[in-house]
Amino acid sequence: MKLTHALLASTAMTVAAASAHADDHMAMDMTLVSWGGAYQESQRKAYAEPYKAMHPDLEVVWDESSNEAVAKLRAMDEAGNITWDVVDVVASDAMRLCDEGLAMEIDHDDLLKPAPDGTEASDDFGDLIVSDCFIPQIVYSTTFGYRTDMVPEGTEPPSEVCDVWDLETYPGKRSLEKRPINNMEWALYCDGVAKDEIYDVLATPEGQQRALDKLDEIKDDVVWWSAGADTPQLLADGEVFMGSTYNGRLFSVIEEQDQPVGMMWDMQVFDLDGWIIPEGLSDERLARAKDFVRFATDTQRLADQAKYISYGPARQSSAPKVGEHAELGIDMGPHMPTDPANAENTLLYNYEFWADYRDDIDAKFQAWLAQ
Amino acid sequence: MTITIIEPKPISFVAPVVAAFGAFAGLLVGTAQGNSLLGLVGGAVITGAMAYVFLQVVRQERIMRWLTVAAFAIAGFLLGGVAGGIVGTLFGWFFGWLIFWLGEGRYRAKLPPYTTSLQVFYHFLFRVICGAVFIFLITPILVVMPLSFNAENFFTFTPEMLALNPEGYSLKHYRDFFTNDNWQQALWNSVSIAPLATILAVAFGTLAAIGLSSEHVPFRRPIMAVLISPMIVPLIISAAGMYFFYSRLGLQGTYWGVVLAHAALGIPFVIITVTATLVGFDRSLTRASANLGANPVTTFFRVQMPLILPGVISGGLFAFITSFDEVVVVLFVGSAGQKTLPWQMFTGLREQISPTILAVATILVAISICLLTTVELLRRRSERLRGMSPG
């Protein structure tokens, strides 16, 4: 009886394994770490569900811990117990994890699929591969949205980032992120610093003070946010007139939730988000993680994600394949931060600068906040 | 019961007091309308004048009170629609009542005749403070409940909701909770972790309490302190300690790891409630039982257990709620596969502000109320039993 069972079970397993493209050497469960919310949902629909359709026995668990990925990976490393398989992080976190040896260095051309026309992955992603551990996924931007119904009558809606400082024309609260990154750049830009000199100025103590002085002009009218969901909530409530947040969140507020909110693309700050594979996985789990990443970052999958959220795919070859929103049926092209009409005046997150100056400027910014 | 003969009070006392209440109510209304100062002054003047007119000029209590309710309801409706009308009705009823209650001196009716003005003042001040504390504690919980029926995906009272328009309300967030895999998985995890953690906590906690209340056990106080410590040590410290310890043991990120961690957190509650019940337990009953030939195990289950059961159950309920509401330890000790409801709510709040969280909160509040009602009923039963047991 027992023997028959064992035989039956092993036959069933062999059949299942054969039908699932030789899954036998790969772990059958996988923990993906991401940011939660609409973004994670887009990854689930565009990457995880099609992948699971190919491997029906695979157990996929999502952990919404990307916000504290660095700290948690450090703790896991110290405890000798890595429970994550593939982790979604912003580029700066990927660089830190790579420097600390917590993320695995990879050969992009070897791990990732080439573009359909045969271009190697490293050329297809181009400059966006900012670290040897980082597998780029999307380009997103931090930019401003405003309440269309709070624009005073007879005035043009705000269209430039410096309108945030114009309390006379556009009275009302603003919401800004509770950290110096982006805010300092915008402040200097609106204080008359040329765009290509912003980081030269910000590197000096006088420049930092100048940026804080500029922020002082609106400090009394600022609500500080720390989670990406805050500004959409504040805008929907009418608590603030304008606020910065990620462009995909604003897209969701405007198009999906139908709130009276408008976009300001001027001086949007581009940043990257992508996967890393933690160092120290067992062979089976590593094989699974690599297989998933290879699948989830091919040209079609990256383009598919744009059906669910307005972030630009990191591969050049994906851009022409971006289609319509999966439910609303609107053309997603014009909602991409990388769309030429939106990208007239942009800034790219300066990784080197902030890696060098972050601690120093953070301290000054926090001291200024507490004043 | 009237114990003091009441007499009308001078208008010079009544009008300012009513005006003070009016100023407060006016401040609320004025702030809602965007001008606090105007509301404050307007409220004081209107209600003060009303007190004068009602008590000195008209003196028709029934008619004036109905008129006040009607006038305030209409004013509220004009300012804030249906919801404003309801608030206005309440305010109208309150001020109509307040003016005559003060003016006729009825507030002294239930106080002894010899109380001084200061004592009367303290008597009512105490009540007002108690009421304010109650409102302060309960409002945040109550505000959440109507918001969970929001038809929008934000934490916002929409104009439709304020107008009590049925279109502004929906059950979609409850539907989301019951159909969304993430929430259902979290609910299932909570429901499968909490009972087991409770059983472990109750078993160990009861044994420890019985042992610690026997007089021949050495070092009772230090042992008690150690066992109670999970309740006193900041959770984040227990959590970090458990994380590294459980990682070495291979328990981190497993179902049993979370169950054990939650059991450790629940044990102090069981120990405290059972120890308290044991104070009223008569030791001579166990000696009598032994004298009749029962071994200690039989004695425990047949004699001691039934008498301390209320303490055991209320301890168990606290242990259950601790596990059910706990977020810090599970974030450390659990992995994504053990994501409990509070964890899901925590990440949901940070990453995506969705009223589904409020729907879950409302459900959890309802469950907590049921559990606490049970505890209270058991406590009363225990007191009744203790009263009957031979001292």
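In chain A, the C-alpha centres of domain 1 and domain 2 are 31 Å apart. Domain 1 comprises 2–139 + 273–321 and domain 2 comprises 140–271 + 331–370, with bounds taken from an automatic or database domain assignment. The model is predicted: local features need pLDDT of at least 70, side-chain atom pairs count only at pLDDT 80 or more, and totals for chains, interfaces and linings use all residues. Residues are numbered from 1 along each chain as its sequence is written, and chains are lettered from A and ligands numbered from 1 in the order in which they are written.

Between the domains of chain A, 17 residues of domain 1 are in contact with 16 residues of domain 2 (contact: C-beta atoms, placed from the backbone, within 7 Å). On the side of domain 1 that touches domain 2, at least two residues each are supplied by helix H2 (37–54), helix H4 (91–99) and strand E4 (135–147) of chain A. Among contacts in chain A between residues at least 6 apart in sequence, 73% join residues at least 24 apart.

Chain A contains 14 helices and ten strands; these are DSSP runs, numbered from the N terminus, of H or I over at least four residues for helices and of E over at least two for strands. The radius of gyration of chain A is 23 Å, close to the 21 Å that the globule rule gives for 371 residues, so chain A is as compact as a globular protein of that length. The radius is taken over C-alpha atoms, and the rule is 2.2 Å times the number of residues to the power 0.38. Along the principal axes, the C-alpha atoms of chain A fill a box of roughly 85 × 45 × 40 Å.

Definitions and conventions. Two residues are in contact if their C-beta atoms, placed from the backbone, lie within 7 Å.
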